[in-house]
Amino acid sequence: MSDASVDPRFRRKPPRRPLRLSWSDERVRGIVYQVVVVALIGSVIYWLWSNTVHNLEVRRIATGFGFLQREAGLPIAEHLIPYDPTDTYLRALTVGVLNTLKVAVVGIVLATILGTIIGIARLSKNFLVSKIAAFYVEVIRDLPLLLQLLFWYTIMQGLPGPRQALNPVEGVFLSNRGLKLPWIIWEGAHTAALLACIAGIVLTWLYARQARAKQMADGQPRKIWPLAIALVIGLPILTWQAMGGPWDVDWPALRGFNFQGGTNMSPEFAALLIGLVTYTAGFIAEVVRAGILSVNSGQWEAAQALGLRHGSVLRLIVMPQALRVIIPPLTSNYLNLTKNSSLAVAIGYQDIVSIANTTLNQTGQAIEGIAIIMAVYLTISLSISLFMNWYNARIALVER
Amino acid sequence: MRPGPAGQGANGRDAVTATRRLNFLRLAGATAITAVLSLPALAQQPAAPSGTTIDAIRARGTLICGVNTGLAGFAQPDSQGVWRGFDADYCRAVAIALFNDASKVRFVPTTAQNRFTALQSGEVDMLSRNTTWTLSRDTSLGFDFTGINFYDGQGFMVKRSLGVNAARDLNGATICVQPGTTTEQNLTDWSRANNIRFQPVVIERLEEVVAAYVAGRCDAYTTDVSGLAATRSAQPRPADHVILPDVISKEPLGPLVRHGDQRFADLVRWVHFGLIGAEEFGITAANVEEATRTDARPEVQRMLGRNGDLGQMLGVDPAWMARIIRGLGNYGEIYARNLEPIGIPRGRNALWTTAGGLQYAPPFR
Ligand SMILES: N[C@@H](CCC(=O)N[C@@H](CS)C(=O)NCC(=O)O)C(=O)O
């Protein structure tokens with residue numbers, strides 16, 4: 001769109017009619033209505049607020065966020081950052097937020113993969129495959145999620161105790177205490193290798209962009225993968241080697257009541273993750289199916305007539321169009337998964353709701369506690385929405 | 001070209017924004033004025049006056065009593081759906097004082113975690129739900145504890161097959177605990193003081209935390225010893241579980257009400273003392289009728305409402321205590337009926353006057 005194409009008369013300001021102070025002037029009516037509505041809403045909010053404050057006062061219930069700096073004293077089983085019961089409520093709540101994010105992020109990635117596979121399977125020409133996928137979707141979507149979570153948790157608890165733990169491979173133990181895996185003892189060299197890997201990805205991306213620009217200019221395709229492998233895999237390994245190549249493995253071993261060492265995936269996290277992923281995948285499968293079906297079969301035929309290979313048709317013709325249909329409902333499934341993760345309380349995974357509930361129980365400050373929960377979910381949900389909207393805008397068909 | 005009012009140039013857009021801003025300013029100004037005007041009117045609104053819990057309960061016709069979600073011996077629905085137990089009987093005693101009718105109670109099951117919000121928000125009138133009296137609950141949470149009807153302490157239960165005999169052997173163990181309890185806080189205090197490391201499993205609902213312990217997710221389950229005994233009695237094979245001898249805290253349990261209504265707090269408090277007092281005087285469900293007529297002890301006469309106006313001071317019928325005892329028995333009878341069958345002995349909850357225990361009632365005067 002360029003301004004040159006606009007009729008110059010449109011650029012002139014429309015003449016402004018003066019406001020008449022009369023009911024018959026629709027603008028006056030509009031203002032009056034708006035003022036009344038805002039005043040009403042404002043009064044209701046004010047009334048609720050003052051009533052609350054008064055009642056808290058009468059009952060001498062503590063208020064304010066001062067409690068955040070007090071010692072929490074509550075035990076937390078899983079934490080991504082160091083945590084001790086002597087830490088503050090603020091830190092305990094932060095641990096809760098991170099636990100929520102952990103299950104949400106891993107859950108969204110896995111649910112997308114599983115959902116896409118099932119969605120495509122449902123379109124398969126193979127009768128058995130498509131019927132199994134359809135059955136999965138129907139069953140999973142019709143059972144309450146809470147029930148499914150409790151089901152998975154019960155299964156986890158049915159595993160043998162630590163002394164009879166399943167030991168399929170050396171160093172791997174599966175018991176009702178969780179899945180124990182060996183883990184390297186993390187050192188500076190590992191952090192450096194990780195950073196090198198990230199740098200490698202960025203450099204590869206830059207190179208690919210340049211290669212594409214050059215291809216546009218001279219029509220010569222350039223191979224990207226040799227450099228990509230060198231940068232993304234070779235560079236980190238060299239870095240790690242250069243720093244001494246430490247490789248000390250922490251093997252889990254049964255000591256006393258439990259396994260010590262290694263890394264652990266708790267039954268609570270596993271049950272929640274499996275429950276959320278399998279449930280949400282059922283919905284995502286339908287979204288993916290609808291997206292693919294929305295692309296007219298003529299597009300396939302036309303693309304094939306142009307001589308494009310199957311993969312290229314999918315990647316260049318079908319997917320960009322299907323994604324336009326897929327992304328918006330996919331976003332709401334991501335939001336659902338995140339919000340559904342609050343069912344964690346039922347099976348003892350300490351997410352933000354669990355920890356905020358305990359905090360408000362111990363401090364008695366229910367309003368502050370609920371406000372914190374709301375703020376956290378709102379922030380996470382808005383971030384997901386914003387990101388998905390940005391992505392949606394990026395992949396939207398650009399009409400030229 | 002996209003549809004929409006894109007025909008306007010930059011100037012047109014600026015003008016629109018400017019008008020909008022002006023409108024918004026006007027709107028904001030008007031709102032502010034309206035709000036200021038409505039302030040005094042609203043501020044004079046009488047907020048719920050204090051001291052009316054009893055009136056509200058009477059007007060409603062039922063006492064709403066927060067209890068456990070189901071703990072044998074304390075509060076649990078029987079096969080007919082009737083709540084039975086020590087805590088449930090305390091609710092009934094207050095209902096008899098107010099309505100002369102033990103059935104005028106609505107029992108609301110509360111978890112350890114949501115009980116306080118239920119009481120603060122007025123969803124229940126009182127809690128009778130093995131709740132420990134602590135300083136913060138008595139002050140900043142906004143409650144008044146009305147007495148201690150069960151002196152308890154925190155303990156641990158393990159499976160006999162685990163072969164653990166003392167709490168200090170639990171170093172490195174996984175321990176199941178309910179959130180929102182003094183239990184979880186005591187556990188961390190205890191582990192710190194004794195240098196014991198443990199892995200917590202924190203589950204809100206009682207049945208699920210017990211199920212996790214039974215399934216072997218945890219090596220030990222910790223809560224008030226009374227709760228352990230109740231849970232153990234409900235297991236198919238109670239003898240498979242042992243309650244360790246160590247008691248790591250004091251858990252004085254009792255009913256509680258909201259701050260700001262002394263009359264109701266007084267009533268609940270004296271219902272408890274009345275039950276203790278009756279046992280001290282040997283008044284039981286069986287003999288209360290006769291005692292009311294013939295007992296010559298002045299304090300008994302005052303308590304049973306034949307003399308004086310103690311009932312009136314509390315705002316209830318003079319025969320309140322006589323009726324409670326006729327309906328439910330005295331403290332010892334309530335205890336024996338509910339707690340002894342599940343293997344909780346009287347222990348330190350015996351009367352001070354006759355058995356050197358901790359239960360003791362102030363004078364009825
Ligand atoms: N006395 C402790 C613990 C009370 C408590 O809730 N105990 C548990 C375990 S015995 C319970 O009664 N749960 C019953 C339920 O959640 O319904 C406190 O007041 O914090």
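**Exercise 1. Find how many salt bridges the rule gives across the interface of chain B and chain A.**

Solution. Start with the rule: a salt bridge is a side-chain nitrogen of Lys or Arg within 4 Å of a carboxyl oxygen of Asp or Glu. Applied across the interface of chain B and chain A, the rule finds three. One pair to look at is A:Arg177 with B:Asp219, whose side chains meet at 2.8 Å, N to O.

A note on the model. It is predicted, so local features need pLDDT of at least 70, side-chain atom pairs count only at pLDDT 80 or more, and totals for chains, interfaces and linings use all residues. Residues are numbered from 1 along each chain as its sequence is written, chains are lettered from A and ligands numbered from 1 in the order in which they are written, and side-chain values use heavy atoms, with hydrogens and water left out.

**Exercise 2. Describe the side of chain B that touches chain A, by element and by class.**

Solution. Step one: count contacts (heavy atoms within 4.5 Å). Here 65 residues of chain B are in contact with 58 residues of chain A.

Step two: count polar contacts. Each is a pair of N or O atoms within 3.5 Å; within protein, one must be able to donate a hydrogen and the other to accept it, and residues adjacent in sequence count only if both atoms are side-chain atoms. The interface has 19 residue pairs in polar contact, both residues at pLDDT 80 or more.

Step three: list the elements. Helices (H or I, at least four residues) and strands (E, at least two) are DSSP runs, numbered from the N terminus. Those of chain B giving two or more residues to this side are α1 (10-43), α4 (115-120), α6 (182-194), β10 (199-202) and α7 (206-215). With 12 residues, α1(B) gives the most.

Step four: sort by class. Ala, Val, Leu, Ile, Met, Phe, Trp, Tyr, Cys and Pro count as nonpolar; Asp, Glu, Lys and Arg as charged; the others, Gly among them, as polar. The side holds 26 nonpolar, 28 polar and 11 charged residues.

**Exercise 3. State the area that chain B and chain A bury between them.**

Solution. The size of an interface is often given as the accessible area lost when the parts come together. Buried area is that loss (1.4 Å probe), summed over both parts. For chain B and chain A the value is about 4700 Å². Carbon and sulfur atoms hold 56% of it.

**Exercise 4. Say whether A:Glu286 and A:Arg289 are buried or partly exposed.**

Solution. First locate the pair. Both lie in helix α7 (residues 267-293) of chain A, three residues apart, about one turn of the helix. A:Glu286 forms a salt bridge with A:Arg289, with the closest N and O atoms 3.1 Å apart.

Now apply the cut-offs: buried means under 20% relative accessible area, exposed over 50%, partly exposed in between (1.4 Å probe, protein chains only). A:Glu286 has 16%, so A:Glu286 is buried. A:Arg289 has 24%, so A:Arg289 is partly exposed.

**Exercise 5. Classify the partners in two salt bridges of chain B: B:Asp78 with B:Arg84, and B:Asp101 with B:Lys104.**

Solution. B:Asp78 and B:Arg84 meet at 3.1 Å, N to O. B:Asp78 is partly exposed at 25%, and B:Arg84 is partly exposed at 44%.

B:Asp101 and B:Lys104 meet at 3.7 Å, N to O. B:Asp101 is partly exposed at 24%, and B:Lys104 is partly exposed at 31%. Elsewhere, salt bridges that share partners join A:Glu71, B:Asp189 and B:Arg192 into one network.

Conventions
Buried area = accessible area lost by both parts, 1.4 Å probe.
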